[in-house]
Amino acid sequence: MKELEINKKLNLWQVIVLVQLVLIIFLGLLIYGQQSSLVSQKTYINALKEGISIREQNAQILSKRLISAMTLLQSATREITQDGVLTQEEILIQK
């Protein structure tokens, strides 16, 4: 009788230990998956940050070029009009 009771308790403990081992394995796999996901998200965020910084640099370069072009156009306009107003007739004569 005692042996039967001991065997039942032993089987119960074996089942408990087996379930715990399975849970530990699944939790380990879950943690590994979460870690992989986190690493890929960090990589994606870094790529986005790099893209944004490149875009900002390009915008600054284009802005500087636009300012330079506008300055050149303004100085060319002043040079053509000689700081005065150019009439329609003078424009036709120059052509």
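Let me start with Phe26, which is exposed at a relative accessible area of 54% (exposed means over 50%, buried under 20%, partly exposed in between, with a 1.4 Å probe and protein chains only). Phe26 sits in helix H1; helices here are DSSP runs of H or I with at least four residues, numbered from the N terminus.

This is a predicted model, where local features need pLDDT of at least 70, side-chain atom pairs need 80 or more, and totals for chains, interfaces and linings use all residues. Numbering runs from 1 along each chain as its sequence is written, and side-chain values use heavy atoms, without hydrogens and water.

Now the helix. H1 covers residues 2-81, 80 residues in total. At 1.5 Å a residue it should span 118 Å, and its end C-alpha atoms are 116 Å apart, so the two agree. The expected span is 1.5 Å times one less than the number of residues. Just after H1, Gln82 has a positive phi of about 55 degrees.

Finally, the whole chain. It has 2 helices and 0 strands (a strand is an E run of at least two). Of its 95 residues, 0% are buried.
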